[in-house]
Amino acid sequence: MKKFLMFLVVTIVTVCIGMTFYQFAKNDEVITVNTQTIYINYGDKLSLDDIGFSRKEASKDTKIDFNAGGDEVTSIIKFDEATQCYIPTPKGGSTTIKISTSNYKYKSFTIDVIVGIGTEEYPYYISNEAQLFDIGYKYALDAHFELVNDINVKQMHDPIGLVDGKYNEFAGSFNGNYHTISNLKVNKCDFGGLFGIIGSNSSVYNLNVDNAVIEGSYLRAGAVAGICYGTINKVVVSNATITNTQFWGYTGAVVGALQTDSTNGVTASILRTYAYTDQEKVITANSDMGGLAGYMNSAIIHACHTDLQLVNTSHTSAGGLVGMLYIDPNTYIRESYSISQIHASGAVGNLIGQTELASGVKLYEITKELVFVGLYYDNSLNTFKGIGSDDNNISTATRFAVNGRSPSELKTKSTYIYYVNHANNIVYWDKVWHIVDGEYPTLTSATMFDDVVIGGDNTSTSTPDITNPSTPSVDAIIISTKQQLINAFQSSSSVNGNYILNANIDLQGTTWTPVSFSGTFKSSEGKCYTISNFIINTSKLYAGFFYTLSSANISNIKFENVFIEKNGLNETAGILVGYVCGNTTIENVNVEEALISAHAKYAGAIAGYIGNTITELNNCQVKNLVINNALNIGGIAGYSAENVFISNCNLLNENNLISVDRIGGIVGVNHGKIDNCYIYGNINSSSTASAAGYFGGLCGVNYGLVTDSISYAKINVTNTAPASSSIYYFVGGLCGYNIGSFVSCCAYANEYAGNPSSSITYIGGLTGYNKGNLSYCLANVLNVGAVKSNIIVAGLTVYNYGGNIFGCASMCNLSGYQVAGLVRSNGNNGIITSCMASMDMNSRATYKGAQVAGLAYEISSGTINNCLVNANLSSLSTDGWVAGFAGFMPCIDDKYGSISYCIANVSFDGSTTANKYLDIAQDGLMKKRRTTGTITHCVINEEAKTDDVIISEYSKFLWITYDAGSNSNYIVTNNNAIKDINTYLDPDKCDFDIKSGNGTSVWLYSTEFSTPIPRAISVVFEF
């Protein structure tokens, strides 16, 4: 303790050593006073001993005056003569106590005193173990607290908030002030941690928790908290030993569970937090576990990292950041990394163990936002993927830059994203992290101690220059002539530098050799110059003006009249570049009058193949492109990986894209994000190859996210290969095969035609095959399909296998052997909600068994609800059938399908000779209905009745449940126009409405049966 010593003398000698003052005299009087700032809380008492005051050999002639300083002192703290203690007042604040003597020769002394009353301005000050665990007892849980020094915990305690056996949320704030709480030990309870439950309006920040020991059976366990509904910010958890044996529990080094309380709209978050352990310290769990949180629901993690030993003893989920993650539109994890070692089986990922949609959330609600952005992990420690088990391809549709890297790469500054501006998603690794080559990124004082605005420019008031950070800062080389262009790019196989095109260049008579390039190549300011009339004839793997691009920026260049011809088997072919292999920006690059005739695996006008790099293509346009003989082709790119953004790009094409496998107007095979793109052109397949093919207006195959894009592609599929049951073609207005997501996209065309000689062709208004997500999409095609025995068509998608389709509409004329208004087959728990089909549907051929269904040909384990079909149905097959709702509802793998809250307004062509049925078709000669699913709360118009079923005529719409195996109790209405449905509503039982646009009934919404409150989802289409 620093002390102030006064020896009362006639002659005074003063010596100052450090912060302690000594005054010497001949007599023996000594006064000792603590020189440090005193923190005291209202409700406490501060004795003279607590401030280190003592007086020996007091002189009767010396008077000591305390509280000198007047009203300011006594209004905050006063000395009580009766108790000989200082007593804080309810005011709180900062003041000083002055100590002076009656002898003017002696120096006065002041003590700084700060009184806490639990407010944000003057929080309660925690300086020892007793005060820390008095929170919830002596101090209210909704107060503010500040740690004023390190605390070494010596006893075992209940978590803060567990008061007399009852769990109460910590509802205030706790500022650790960058001090450390060491050796925390927690009693066995449900929610183990320093805090039991951190409430939604609460925060814990600027805190170090070291060497915590939490062992036992906990529902939720973490060094900082069992559950966090609020915010944990700038916290370091070091060397924790956590062992949770509870099978149904959640365990994390920081928190057991991070989840948002939906009742108040405050999103839970962990920000700028680091968790690490020595090798001998282990986080062990018998259930879901993660480096930061074992469980996360509707929450945020930003700028965090972990370096832990994680052991999961059960077959559940485990991840370097999060074990089990439930996602909704408020969820994201950004700019974080993990180098944790994981020992586990089950759903295990280096970053996330398992992802699922939060309860009641549809994937379309989150696909416009990125959930995973700028995440990295050490791929040398574990064999796991970044995300272990991905429900419904959530991460595929909503992630950008999720990468595994070697330890050396993770210690290299260029590995990390600096800033990428796309669709309002800005990634700032350099604004959040301190990155030095040879070291892992760290949260240093520049970021740990300063506030960072999530998702925006964190430190600068100006907008950053959105260019490639690796652009060379050297003087540009100006290119104005043909020879200068050749000298720049044909003198070496690899070129680096900064080049500016300053004139149109005609390369007539030139055969161009592709060259690898890093740097910038652009037209002079405000211009877009053209390079034209050249041939690329190469035996190299990658054919294009550039062989590869890495750390490049290409902008404002046009290529015209370019021919890539076969010379050997090219791996990739693109007019601009064969292969993008490193972070690259391509902007305002146009291609016109180009032919790619190379046996390439991947081909596109701008790029053949774009690898898993940070690449952005923006504002590129392609006109009059011909591609043939390639396997995976797209108008813009043949292949794009998950970290690729393609935006505002167009294909305007009177020519043909021809492939035997995967064709897309924008991308052949897409794993990235496509936004606001457009195609007008022809897509064709004409080959003798015996292989399956996928063809779509925007993508051949889609694993990524496509938003706000339009296709006017005319698609024609032919095949003259020998008959083989293994040949299937999937055609869709947007995509042939979708595993990712399409949001707010439209497909308009004259026709999608299939005319194969042997293969079966599946044609859907939106997709041929869907395992992903379609939301708010429209198919408006004049003619889909053809009258052939191997053509199967549907208004939205032929197969919906586990996918989610919401708010989509089809306004197509359909023809084929099997025809369905929405979907041919809906299975594997596929969901179709709030969709509409308004069309003519026919199977006019006399093929045996030709069939037409208003909603779906087959519904197995999936569901269709809140849907409308408004159609004319026809078939000329005497042993076929037409059905208002569905053809079959079979049981598959003990799973059952269902139809609910749907309307079928169907009419039948006068020439139709097939059997007509209400909802399901009949099965052969036995005339028994084949179903194990359910139809509930549905309406079908009177014309759909048959002689086989007794149908009563009613003047109102009535509701019934069609149970599995039943043959009767079908209810229809005798009104002739679906538009009159509102006349027959009983407002006490339902709220069912038809909305009209341009004279056509196109939509409905409903409530739950007998409940007048509108359903959560209601949409009106207006065309």
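Select S874 to begin: S874 belongs to strand β92, residues 868-875, where strands (E, at least two residues) and helices (H or I, at least four) are DSSP runs numbered from the N terminus. The model is a predicted one, in which local features need pLDDT of at least 70 and side-chain atom pairs count only at pLDDT 80 or more, while totals for chains, interfaces and linings use all residues. Residues are numbered from 1 along each chain as its sequence is written, and side-chain values use heavy atoms, with hydrogens and water left out.

S874 counts as buried because its relative accessibility is 2%, buried meaning under 20% relative accessible area, exposed over 50% and partly exposed in between, with a 1.4 Å probe and protein chains only.

Now select the cysteines. The chain has 0 disulfides, a disulfide being a pair of cysteine sulfur atoms within 2.5 Å. For C777, the nearest cysteine sulfur is that of C808, 4.6 Å away, and C777 is buried with a relative accessible area of 0%. For C735, the nearest cysteine sulfur is that of C699 at 5.4 Å, and C735 is likewise buried, at 0% relative accessibility.

On a 1 Å grid over the protein atoms alone, a cavity is a set of points where a 1.4 Å probe fits but cannot get out, whereas a pocket is an open set with protein on both sides within 12 Å along at least five of seven lines, and lining residues have an atom within 4 Å of a point. Grid points are joined across faces, edges and corners, and a volume is the space filled by probe spheres set on the points.

By this rule there are 3 cavities of 30 Å³ or more. The second largest cavity has a volume of about 50 Å³, and to find it, select lining residues including L370, F400, E642, H671 and L705. Helix α3 (394-397) and strand β45 (399-405) are the elements that give two or more residues to this lining. The lining of the second largest cavity has 5 nonpolar, 4 polar and 3 charged residues, with Ala, Val, Leu, Ile, Met, Phe, Trp, Tyr, Cys and Pro counted as nonpolar, Asp, Glu, Lys and Arg as charged, and the others, Gly among them, as polar.

For the second largest pocket, of about 270 Å³, select I38, Y39, I40, S127 and Q131, which are the closest to its centre of the 13 residues that line it. Strand β5 (residues 38-41) gives the most to this lining, with 3 residues, and the lining divides into 5 nonpolar, 5 polar and 3 charged residues.

Finally, colour the whole chain by pLDDT, the predictor's confidence in each residue from 0 to 100. The mean is 78, and 76% of the residues reach 70 or more. Over residues 1-26 the pLDDT is below 50, although this stretch has 71 contacts in the model beyond near neighbours in sequence, a contact meaning heavy atoms within 4.5 Å. Where pLDDT is low, the predicted coordinates should not be read in detail.
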